[in-house]
Amino acid sequence: MEAGEGKERFLKQRQVLIFFVLLGIAQVASKPKQYSVAEEMESGSFVANLLKDLGLEVNDLAARGARVVSKGKKTRLQFDRQTGNLLLNEKLDREELCGLAEPCVLPFQVLLENPLQFFQAELWIRDINDHSPVFLDKEILLKISESITPGTTFLIERAQDLDVGSNSLQSYTVSPNSHFHLKLQDSSDGILPQLVLDKALDREEQAEIRLTLTALDGGTPPRSGTALVRIEVLDINDNAPEFAKLLYEVKVLENSPIGFQVAVVSARDLDIGTYGEISYVFSQASEDIRKTFQINAKSGELILTQKLDFESIQSYTLNIQATDGGGLSGSCMVFVQVMDLNDNPPELTMSTLIDHIPENLQETIIAVLSVSDPDSGDNGRMVCSIEDDLPFFLKPSVENFYTLLTNTPLDRETKSEYNITITVTDLGTPRLKTQHNITVTVSDVNDNAPAFSQTTYTLRVRENNSPALHIGSVSATDRDSGANAQVTYSLLPPADPQLPLASLVSVNADNGQLFALRSLDYEALQAFEFGVRAADRGSPALSSQARVRVLVLDDNDNAPFVLYPPQNGSAPCTELVPRAAEAGYLVTKVVAVDGDSGQNAWLSYQLLKATEPGLFGVWAHNGEVRTARLLSERDAVKHRLVVLVRDNGEPPRSASVTLHVLLVDGFSQPYLPLPEVAAAEARADPLTVYLVVALASVSSLFLFSVLVFVAVRLCRRSRAASAGRCSGPEGHFPGHLVDVSGTGTLSQSYQYEVCLTEGSGTNEFKFLKPILPNFLGLGEERVHEANPSFRNSFKFS
């Protein structure tokens, strides 16, 4: 399969090669057939039918593979095999294909493949008038001197026409005028147009002549192109320069800047070119004029090169000469008048200046100054002033001299520095002014005593402080400056001569810091006052005082102290409680004080230990020890209570006290030994213990019987007497005070008010309240003096 395709490709290549060989031979051997077509015909336009020339029928065209080939890559012709017509494949432009060559021929061939045969032909492209004559320059410039004689011929550039034959350029015409006519001359290159001068030219009369040159071709309809022929008449120097004015008068302000245009002189020369080029120069000018003014040689502009001064020169007269290129000249005069203006600001000269003055002085001279203005008239009259809100004023003296004085005494503490602006203004238009700034510094005088930030300082320091502790500061400021404002602090002698102030506090002389020299004790000294003096270092020195109150803050450095039961190392105190006591029965009251104050002295009571828990309780706020329930026969006789007393400080401190309580059937029961003693004796001899217990029981029963009997008899005897003393819902019973002295089981003397209830028998007692004479040797007032908070924690009933 692939071998067959390769063979077929080879055969086609060989046919093409043979075709081009035969094509070349045919071009040499045969004369081509000629066809013609007009240019610019649309694509697909009919050229010719080739069937007759090829000698073929329509059916043979497709069978023999007829087609058109031509040189180049573009296919400009196409062959219709259905009709045998030769058609244009694109629009043809003769000028593009052949340019000016005539004739314009496009060769092509008709190829017949089966059998191979070719037909050589040529397509002649006919020109149409599709281009107008064109001048390469739309404007043709001719320069002709006004001295040229008539009859002179001037050659003009000819026009171009891309068409050929009768459509090409055929003639020229020129617009009507009085100076030239057109002459046409034939040449090998075509028709050449020429202008011939008929009348002499005068540049001053007409400097330029404009003619329209028209080129015409021979097409139908004819096309044309035009160009402008501009004739410049060249001048000859037959006219001298003339100024527009012989005298120029100008006024110039004296403050005009350098480079200012003073005036512009203008001269006219009817000639042109070199003869009409005018240059301007000064004529017979003085040195002052040449330094002050400069003239532009080309434009005639008069420029200021130096500042004008009306006070020096009031006017200038300048002679200016204008010369053309041919040497002819003319002259004029320029009169410059200098206008006086207020262009000089006033001048201020400081003769004397004192920039440092002491405060509190009356009408002090600060400065002496003079003012001047080089202008004259109103421009030279001046007004000198300063700001209104300053404590100074200007006092005029001799002509144009002023003195600057203080208006009121100056206070440095109010304002230490003044910036004074002295303004000098003239009366010209516009007004000019000069300002001069001076700075006046007010020197300090020691006229202000140091002032403390507070009249009274309150400092707080906690007791037990470390020595040399910084407890606070006092601060005083002095509105003065320098040494007058340097403050030194010192302690004033105390008002109380008993106060050892020198050993309590000290003050830093430089910064006013206060230090506690030793540890303070609130319980010994709660507060103290002293004075501090602040003195400056002026001359004379000024000082002020402030009071300092130091409050010593309490620290919890004292543990509670138990007043009752006493802790003096004597025999322990034993409290007796009848077994018939009800719940809430007051057994005793623990009394304690605390040397501290505030919450550090708030005491609370707590039952720490008890022989039988739940039988007794301690009230937390008053230390009362009461029974918590009814007593029974099963309760032990001896009880040991440990009560803890604690303050409310941080950290809290505490103390404990031990109470011994005996449960008795009556107050006649003999003293029972302490539990510790009884336990020791029991351990020593069990038989002895048994004997002691038996003897105690018998003795107790006997004493109890006697006590009941005596009580009954006493109650009956004194019932009437004690009716108002003991009363209750049961009735009125006699009562008396039972004194339990220190000889019994109580270590201190107590008095109880006892009442027997009616019908209760002989063994029921009602203990109303204890009567404490001189509580432990201290009266109520002395207890309060020991601790003020004791009144809150213990009440006497």
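## Two open sheets

Strands S37 and S38 (residues 513–516) run antiparallel and are joined by 3 bridges; two strands count as paired if DSSP finds at least two bridges between them. Strands (E, at least two residues) and helices (H or I, at least four) are DSSP runs, numbered from the N terminus. Within this pair, Ser 506 stands opposite Phe 515 in S38. The two strands belong to an open, antiparallel sheet of 3 strands in the order S34-S38-S37. Strand S34 (469–473) and strand S37 (505–507) are at the edges with a single partner strand each, so one side of each has no neighbour in the sheet. From one strand to the next the twist averages 30°, with axes taken as lines fitted to C-alpha atoms (for helices over the stretch in contact) and angles running from 0 to 180 degrees between N-to-C directions.

This is a predicted model, in which local features need pLDDT of at least 70 and side-chain atom pairs count only at pLDDT 80 or more, while totals for chains, interfaces and linings use all residues. Residues are numbered from 1 along each chain as its sequence is written, and side-chain values use heavy atoms, with hydrogens and water left out.

Another open sheet has 4 strands in the order S1-S7-S6-S3, with mixed pairing. Its edge strands, S1 (33–38) and S3 (67–69), each pair on one side only. Neighbouring strands of this sheet are turned by 35° against each other on average, direction ignored. S1 pairs with strand S7 (residues 117–126) in the parallel sense over 6 bridges, and Gln 34 stands opposite Glu 122 in S7.

Buried means under 20% relative accessible area, exposed over 50%, and partly exposed in between (1.4 Å probe, protein chains only).

S16 runs parallel to strand S23 (residues 329–339), and 7 bridges join the two. The bridge partner of Val 250 in S23 is Val 336. Cys 332 is buried, with a relative accessible area of 6%.

## The disulfide

A search of the whole structure finds 1 disulfide, defined as a pair of cysteine sulfur atoms within 2.5 Å. The bond joins Cys 98 to Cys 104, with an S to S distance of 1.8 Å. The link is right-handed, with 65° about the S-S bond. Cys 98 counts as partly exposed at 22% relative accessibility, and Cys 104 as buried at 1%.

## Salt bridges

The count comes to 15 salt bridges, each a side-chain nitrogen of Lys or Arg within 4 Å of a carboxyl oxygen of Asp or Glu. One of them links Glu 287 and Lys 291, whose closest N and O atoms are 3.2 Å apart. These two residues are 4 apart in helix H5 (residues 287–292), which means a separation of about one helical turn. Glu 287 is exposed at 54% relative accessibility, while Lys 291 is partly exposed at 47%.

Glu 529 and Arg 547 also form a salt bridge, at 3.8 Å between the closest N and O atoms. Glu 529 lies in strand S39 (residues 527–536) and Arg 547 in strand S40 (residues 543–553), so the pair ties together parts 18 residues apart in sequence. In the salt bridge of Asp 665 and Arg 579 the N to O distance is 3.7 Å. Asp 665 is in the loop between strand S49 (654–664) and helix H7 (675–684), and Arg 579 in the loop between strand S42 (574–578) and strand S43 (586–589), so this pair connects parts 86 residues apart in sequence. Asp 665 is partly exposed at 44% relative accessible area, whereas Arg 579 counts as buried at 14%. Salt bridges that share partners join Glu 139, Glu 208, Arg 210, Arg 230 and Glu 232 into one network.

## A nonpolar surface patch

Phe 702, Val 706, Phe 709, Val 710 and Leu 714 form a nonpolar patch on the surface, with about 460 Å² of accessible area together. Patches are made of residues with over 30% relative accessible area and no salt bridge; like charges are joined within 9 Å and nonpolar side chains (Val, Leu, Ile, Met, Phe, Trp, Tyr) within 5 Å. Accessible areas come from the Shrake-Rupley method with a 1.4 Å probe, and for residues only the protein chains shown count as cover. Phe 709 lies in helix H8 (residues 686–717) and is exposed, at 52% relative accessibility.
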